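I set down below what I looked up in each case.

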Amino acid sequence: MEIKKGIGVSTGVVVCQALLLTEDELRIGRRAIAAQEIETERQRLANALAASRADIRALKEQTAHDFGRETGAIFNFHLGLLDDPTLLDTFYQGIEKNRFTAEYAVSQSLREYSKQFLKQTEAYFRDRVKDIYDIERRLVNKLQGRERVTLADLKDPVVLIAHDLTPSRTASLDKSKIKAVCIDAGGRTSHTAIIANSMGIPAVVGLDDITKEVTSGDLLIVNGHSGIVIINPDAGALEANKRYEERQAEFEASLKQLRDLPAKTKDGTEITLLGNIEFPYEVDNALAYGATGIGLYRTEFLYLSSEKEPDEEAHYQAYAEAVEKVGGRPIIIRTLDLGADKYTPWQARDPEDNPFLGCRSIRLCLANLDMFKVQLRALLRVSVLGDVRVMFPMVTTPMELRHAKMVLKDVMEELGEEGIAYNPYLPVGAMIEVPSAALMANSYAKACDFFSIGTNDLIQYTLAVDRGNQKVANLYTGANPAVLALIRNVIRVGNRANISVSCCGELGADIEFTILLVGMGLKTLSITPHSIPEVKKVIRSINMADAQRVARRVMSFEHSQQILNYLRDETRKVIPEAYED
């Protein structure tokens with residue numbers, strides 16, 4: 001028996017036999033062609049390109065139909081490559097000038113192209129290399145007259161094991177046969193993770209070398225929540241997993257009963273629980289888990305999943321769909337938060353040595369006013385359709401906030417002159433996610449209708465720790481006293497100024513911090529939808545006096561581990577079933 005730890009990106013527990021997916025590397029010999037063969041090779045390439053475009057369009061449409069338009073838009077990158085005149089020219093030049101076969105011309109060009117992506121420091125670009133490889137394999141297979149290896153002939157359910165999966169391969173998986181996915185590569189934001197989550201297939205990524213440890217036929221226990229994979233579990237592990245599944249089923253059944261009940265402490269203090277989403281179709285899922293609205297609608301994927309900059313109508317349609325689905329409940333839409341590790345393939349930019357401290361988020365928007373105004377126009381147009389609120393990310397100075405509000409005011413005036421309806425009293429908030437903003441919260445409170453504490457970046461910037469760097473990952477913790485002091489200050493300022501304060505980072509979804517945050521005076525949590533039931537369970541199991549006592553005790557500690565141990569013990573007292581192994 002062996003235990004592997006990766007990154008759980010799609011929840012669920014599966015016990016099933018493994019299928020190791022191995023595909024030979026493309027090996028295409030270099031062969032010179034005669035002059036009279038050039039036109040034949042050009043035509044072969046043109047046919048392969050046309051067939052590949054048709055395949056990908058069909059796959060995009062099917063994915064959009066099954067899992068939502070935004071998920072289907074992932075294949076826009078593939079289509080963009082196949083229609084890129086510069087890239088296509090390198091294919092044809094390889095045939096005409098270098099006398100390469102069509103296969104070799106395609107392979108050489110795309111391998112060189114992928115090297116440029118690998119040189120980038122941003123994870124988004126490096127993740128696109130597998131998309132380029134996907135296109136290469138598809139084109140070469142078309143040229144060689146053979147279709148890609150499929151999993152359509154599977155008779156029994158399996159856990160799919162692979163070094164990596166391209167988006168098209170992932171979207172083609174048969175959910176009735178592929179019960180879970182485990183891959184060596186990948187991260188939380190990879191397309192494989194996004195699609196697996198949309199499909200509801202338990203998935204663990206970032207396992208490094210699981211393809212070397214597993215053989216087809218091995219029995220696996222895959223936990224997509226914890227990221228644990230057990231290879232060839234012994235009888236004890238299987239029995240323990242069976243008991244775990246039974247307890248989890250009972251626990252989840254009890255949590256479902258809370259869906260329509262208020263998140264209210266035993267002594268009557270109500271806490272608002274909102275959901276975080278990235279796509280409009282996720283609204284339904286958030287409401288199904290008991291969210292009373294959407295506290296964070298991230299808009300980056302409207303850009304990241306598009307082959308070109310989205311226009312005003314694309315923004316409007318996406319936001320209008322989300323507002324309609326939320327059904328009169330509040331929805332907070334965050335303006336564009338690109339930069340750092342999130343860049344679009346079409347976005348012109350200057351390389352930055354340290355993009356996390358560079359031109360990102362609101363800075364990027366204020367430096368690109370035309371782009372910013374397109375989004376603000378759509379937001380204002382949709383503001384008349386429901387309880388819409390807008391939030392600016394990553395503000396670091398009061399001047400940035402004032403500048404952003406001035407741009408919003410300018411757009412309001414433009415719409416007014418055009419006779420287009422909008423809500424002139426649109427609530428405007430700021431994300432507090434850098435220490436300077438947390439320390440100067442008083443200044444921001446004068447210009448904001450609400451605060452939202454973004455704990456992910458607040459922790460990172462306060463502790464000078466890259467949360468994606470495994471070498472320092474142990475230092476990244478929300479339990480650090482400095483981080484908690486900043487959070488407490490923001491909550492106090494907001495309460496004194498009588499403006500709403502929410503927590504929209506991962507810290508808010510961690511049940512071990514629920515009692516503490518409530519005790520600090522936080523009245524709103526915006527979290528991943530699947531975390532809502534457990535957090536609600538904790539809230540309904542405590543009273544404010546005890547929560548305030550916990551908060552006072554925590555702020556007296558000097559070390560993160562003391563705080564974590566104490567919070568874990570306090571949480572275990574009120575929801576022990578969440579801690580059963």
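Entry 1, helix 20 and helix 21. I note here that the model is a predicted one. Helix 20 spans residues 455–463 and helix 21 spans residues 481–496; I recorded an angle of about 130 degrees between them, with the axes 10 Å apart. That angle makes helix 20 oblique to helix 21.

I then listed the residues that meet. Helix 20 contributes Thr 455, Leu 458, Ile 459, Thr 462 and Leu 463, and helix 21 contributes Ala 482, Val 483, Leu 486 and Ile 487. Sorted by class, this contact holds seven nonpolar and two polar residues, and no charged ones.

I repeated the look-up for helix 4 (residues 85–96) and helix 5 (residues 102–118), which pack at about 135 degrees with their axes 8 Å apart. The two helices are therefore oblique to each other, and their crossing is right-handed.

On the helix 4 side I found Leu 87, Thr 90, Phe 91, Gly 94 and Ile 95, which meet Ala 102, Ala 105, Val 106, Ser 109, Leu 110 and Tyr 113 of helix 5. I counted the classes as eight nonpolar, three polar and no charged residues.

Which members of the largest nonpolar core touch the most other members? I found Tyr 297, Tyr 319, Ile 331, Phe 392, Phe 451 and Ile 487, in a core of 104 residues.

Beyond four places in sequence, its contacts include Thr 335, Ile 362, Phe 372, Leu 376, Leu 401 and Lys 405. Val 428, Gly 429, Ala 430 and Met 431 are also among the contacts of Phe 392.

I located Thr 571 in helix 26, residues 560–574. Is Thr 571 buried or exposed? I noted a relative accessible area of 0%, so Thr 571 is buried. Leaving out residues up to four places away in sequence, Thr 571 touches Ile 511, Glu 512, Ile 515, Val 538 and Tyr 579.

I placed Arg 298 in the loop between strand 10 (294–297) and helix 13 (301–304). Arg 298 has a relative accessible area of 17% and is therefore buried, the cut-off being under 20%. With residues up to four places away in sequence not counted, I found Arg 298 touching Asn 276, Ile 277, Glu 278 and Arg 334.

Notes: Residues are numbered from 1 along each chain as its sequence is written. This is a predicted model: local features need pLDDT of at least 70, side-chain atom pairs count only at pLDDT 80 or more; totals for chains, interfaces and linings use all residues. Side-chain values use heavy atoms; hydrogens and water are left out. A nonpolar core is a set of buried Ala, Val, Leu, Ile, Met, Phe, Trp, Tyr and Cys residues joined through side-chain atoms within 4.5 Å. Buried means under 20% relative accessible area, exposed over 50%, partly exposed in between (1.4 Å probe, protein chains only). Contact means heavy atoms within 4.5 Å. Axes are lines fitted to C-alpha atoms, for helices over the stretch in contact, and angles run from 0 to 180 degrees between N-to-C directions. Helices (H or I, at least four residues) and strands (E, at least two) are DSSP runs, numbered from the N terminus. Angles under 35 degrees count as roughly parallel, over 145 as roughly antiparallel, 65 to 115 as roughly perpendicular and the rest as oblique. Ala, Val, Leu, Ile, Met, Phe, Trp, Tyr, Cys and Pro count as nonpolar, Asp, Glu, Lys and Arg as charged, and the others, Gly among them, as polar. A crossing is left-handed if the near helix is turned anticlockwise from the far one by less than a right angle, and right-handed if clockwise.
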